[in-house]
Amino acid sequence: MRAAGMKILRVSLVAAMVAFSHLLVAAAAEAQVTAQRLLDSAKEPQNWLMYSGDYSGHRYSTLDQINTSNAGSVVPKWAYQTMAGGKFETTPLVVDGVLYATGQDNRVFALDARTGRPIWQYQRALPGDIRPCCGRINRGVAILGDKVFFGTLDAHVIALDTKTGNVVWDETAFDYRQGYSITLAPLAVKNLVIVGVSGGEYGIRGFIDAYDAATGERKWRFYTVPGPGEPGHETWEGDSWKVGGAPAWMTGTYDPATDTTFWTTGNPSPSNRGAGREGDNLYSNSLLALDPSSGKLKWYFQFTKHDEHDWDATQVPVMIDQGEKHLIAQANRNGFFYVLDRTTGKLEYSTSYAKTTWSNSKDAEGRPAALPTASPTPEGTRVCPGALGATNWMAPTYDPQTQLFYVTAREQCDVFSTAPQPYEAGHAYYGSAYFPNDDAVPFWGALRAIDPATGKIKWEWKHPSPSWSGVLSTAGGLVFTGDAEGNFIALEAATGKALWHFQCGASVYASPMSYAVNGKQYVVIAAGSALFAFGLP
Amino acid sequence: MLVVGVLCFFAGSTLAQDKNPYAGNPKYAQLGEFQFRLNCAFCHGLGAKGGGRGPDLTRAQKRHGSGDADLFRTITEGVPGTAMPPNGSTGQGVGMTDEEIWQVITYIRSVEVKSPAQPMGDAAHGKQLFFGPAACSTCHMVGGKGGRLGPDLTTTGAARNTDYLVESVRNPSRRLAQGVFEAMKEFAQEYETVKVETADGQKFTGVVLNEDSFTLQMMDMREQVHLFDKSQLRSFAESRESLMPVYDAKMLSDKDLQDLIAFLLAAAADSK
């Protein structure tokens, strides 16, 4: 009996070990996010594999468990506190039940996506003299293989082990002391990690980089301000190109059909002074179509030529297909909504989606032409939209069901002044400043639903004050967004009717996402120092 | 070695925060002006003369300390309980290095009005007006006395420039005063006027204490605080027509207005 018993035990142990090792293999295989999985992200709606959810930039979830019929009953499921101050701008990723996100001061963490319980937490030891323009923020990670990738406030690109949070490689993109930093979530394409740089406030020379995901080796760099001998260099006066700005501080998108990655750029430097940098200042405030393998430019479209109002074009460029038309759309900070053919870069049309006073005509290509009277003056000129733009970095969404494009709009005009300013490396370089206008009516905001076929606004949800929240749409017929008053809100995607809200206790400065674990759908937003996950009771 | 290094660091930083290394240097004052435009002018105005959001910094007397070290601390740490944010936080601007903060202080010194402002009114008479015939204290407090419907004016004399104070009396709806300021929110709630009618027909008029898309917190004319869900109200109307009456020259002469402002300035100075 005893011997037999031992034998049985041994057999079952072996069986258990075999089963366990299979389990390990299965788990390990699942943990690997291959480039193919990123291409096929639509096949795994439970996961959120990149910043915008998929390569098209739609920020749309096909999950529909939470929908217009039950949204009113949504409740908080968990919260995770970073305990860090400042703006919390992350969009998490979720892969097979694990949530990866970034926090203030270059925190990165992995959580059990069912409960918010941390699996690992990492924080970079930042130098004391970093120069982040607009808060010690970060917008998220990219994932490929067994690594997550993020950019740092001291302009490094770092790969962490998905299982431990250990640093696998750490590459310096540029010297942070000259005003360079990285705040966006990288984009993983093929075997590459693509990032762009922040620092348009410091007279940097912008670039987009691609790193080998396995080794960290830099494969290419595209300077967004062309050097001597390169096309576009002639659009800069004298040596102004050396400090020309044009940062690329928001995540791009990718079209596998044409093997093209789309990236956007910000203002030329100094932002409020055009004197000294006469010309169009390419490729500032542009949409760039790049070959992801080489970084070569296929085409570009410049939204605002020779910008003097800080109207970065750094809004996620969203791919939209209408029948045979393959389009790319952007609600630009300058107040106009642009739809382009994404194969050629040719403008289909542009139309304003917020109050604009800087243009009253179109050029030959159909692009809004600037009025000379809109240029900043020493005393100040009142212009709409203001310096923060008609929208900003907060992500828009495109809902293939409603075929509407949703964007957070801002109604604010500012008084732009200009003054000569010498460039000093690492010091803010604006060429003056802007001031709130003296209008009686306070600034406000709205979530606007734009029909990209016509440019017409179908509905709007008015925010009492301007919001810094991005937007998520879902197959449940919902759009989710946040507001400056701290509410996280679910609206009916077709009509804009509010169906649910939750008070997070701090203004929302993030773009939401959705995932599912064990068949339960969650919607996540960052606010204050907490990440909140919501679901059905 | 490490201990020595740390000690040196603290000794160095203490020194740096006490004394302005650029004091009186016009070159650094000019660099400071660039930083001021980026980081400070949004509230404190071009030329540091103040605006609707921040105090006039050309006055030599600063409410939160007038010395170099005081200014450095105020800029670095902000002023708790006010709209003045710590350097580099969510507030306006890009944030500054210690070096740049000293440049800003050098700039502020260069625009300060050295000679004390001429005594422009009779503060004692202003006080009589405030608590008496002008009836300001019906809605405003100074030094803990007065009403609650309007902003407490104890420190307003220091927080706003004279032009702003004059405008607030003569044309109160032109720019509404700021109310509750939330840490992560860009803009303060303003003293808007609100009229509501509840589902059971009760009507209230007062000022908005705070609101969002779904709820309203208000104070009525009898200083009662009401908390409403907007969806439960029969009617709800906000207006930027201030509840404060317009004090034109017939209601309050120019001389009396000067006296009133002198009182507010004196009250702010006394409140320290």
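## Surroundings of Thr102(A)

Apart from neighbours up to four places away in sequence, Thr102(A) makes contact with Thr90(A), Arg107(A), Val108(A), Asn138(A), Gly140(A), Val141(A) and Phe150(A); two residues are in contact if their C-beta atoms, placed from the backbone, lie within 7 Å. Thr102(A) is buried because 29 other C-beta atoms lie within 10 Å. A residue counts as buried if 20 or more other C-beta atoms lie within 10 Å of its own, as exposed if 12 or fewer do, and as partly exposed in between, with C-beta atoms placed from the backbone. Between the C-alpha atoms of Thr102(A) and Ser359(A), 257 residues apart along the chain, the separation is 39 Å.

This is a predicted model, in which local features need pLDDT of at least 70 and side-chain atom pairs count only at pLDDT 80 or more, while totals for chains, interfaces and linings use all residues. Residues are numbered from 1 along each chain as its sequence is written, and chains are lettered from A and ligands numbered from 1 in the order in which they are written.

Thr102(A) belongs to strand β4 (residues 98-103) of chain A. Helices (H or I, at least four residues) and strands (E, at least two) are DSSP runs, numbered from the N terminus. Six of the six residues of β4(A) are buried, so the strand is largely enclosed by the rest of the structure. Val98(A), Tyr100(A) and Thr102(A) point one way from β4(A), Leu99(A), Ala101(A) and Gly103(A) point the other way, and all are buried. In a regular strand the side chains alternate between the two faces of the sheet.

Strand β3 (residues 93-95) of chain A runs antiparallel to β4(A) and is joined to it by three bridges; two strands pair if DSSP finds at least two bridges between them. Leu93(A) has Tyr100(A) in β4(A) as its bridge partner. The two strands β3(A) and β4(A) make a hairpin with two residues between them, and Asp96(A) in the turn has a positive phi of about 50°. With strand β5 (residues 107-112) of chain A, β4(A) pairs in the antiparallel sense over six bridges. Here Val98(A) has Asp112(A) in β5(A) as its bridge partner. β4(A) and β5(A) also form a hairpin, with three residues between them, and Asp105(A) in that turn has a positive phi of about 60°.

## Other strand pairs in chain A

Strands β9 (residues 156-161) and β10 (residues 167-172) of chain A run antiparallel and are joined by five bridges. His156(A) is opposite Thr172(A) in β10(A). The hairpin of β9(A) and β10(A) has five residues between the strands, and Gly165(A) takes a positive phi near 80°.

An open sheet of five strands in chain A has the order β1-β32-β33-β34-β35, with mixed pairing. Its edge strands are β1 (60-61) and β35 (498-503) of chain A, each pairing on one side only. Strand β34 (residues 487-492) of chain A pairs with β35(A) in the antiparallel sense over five bridges. The bridge partner of Ala490(A) in β35(A) is Trp500(A).

## The contact between the chains

Chain A contributes 28 residues to the contact and chain B contributes 20. On the side of chain B that touches chain A, α2 (26-39) and α3 (41-44) of chain B each supply at least two residues. α2(B) gives the most to that side, with four residues. By class, the side of chain B that touches chain A has eight nonpolar, five polar and seven charged residues. Ala, Val, Leu, Ile, Met, Phe, Trp, Tyr, Cys and Pro count as nonpolar, Asp, Glu, Lys and Arg as charged, and the others, Gly among them, as polar.

## Chain B

Chain B has nine helices and seven strands. Of its 272 residues, 34% are buried. Domain 1 (19-111), domain 2 (123-176 + 245-270) and domain 3 (193-239) divide chain B, with bounds from an automatic or database domain assignment. The C-alpha centres of domain 1 and domain 3 of chain B lie 39 Å apart.

The 17 residues of helix α9 (residues 254-270) of chain B should span 24 Å at 1.5 Å a residue, which agrees with the 24 Å between its end C-alpha atoms; the expected span is 1.5 Å times one less than the number of residues. Buried residues of α9(B) include Leu257(B), Leu260(B), Ile261(B) and Phe263(B). The buried residues of α9(B) pack against α6 (123-131), β1 (141-142), α7 (156-159) and α8 (162-170) of chain B. In α6(B), the buried residues are Ala123(B), Gly126(B), Lys127(B), Leu129(B) and Phe130(B). These residues cover an arc of only 160° around the axis, which puts them on the same side of α6(B); the arc is that of the directions from the helix axis to the C-beta atoms. The buried residues of α6(B) pack against β1 and α9 of chain B.
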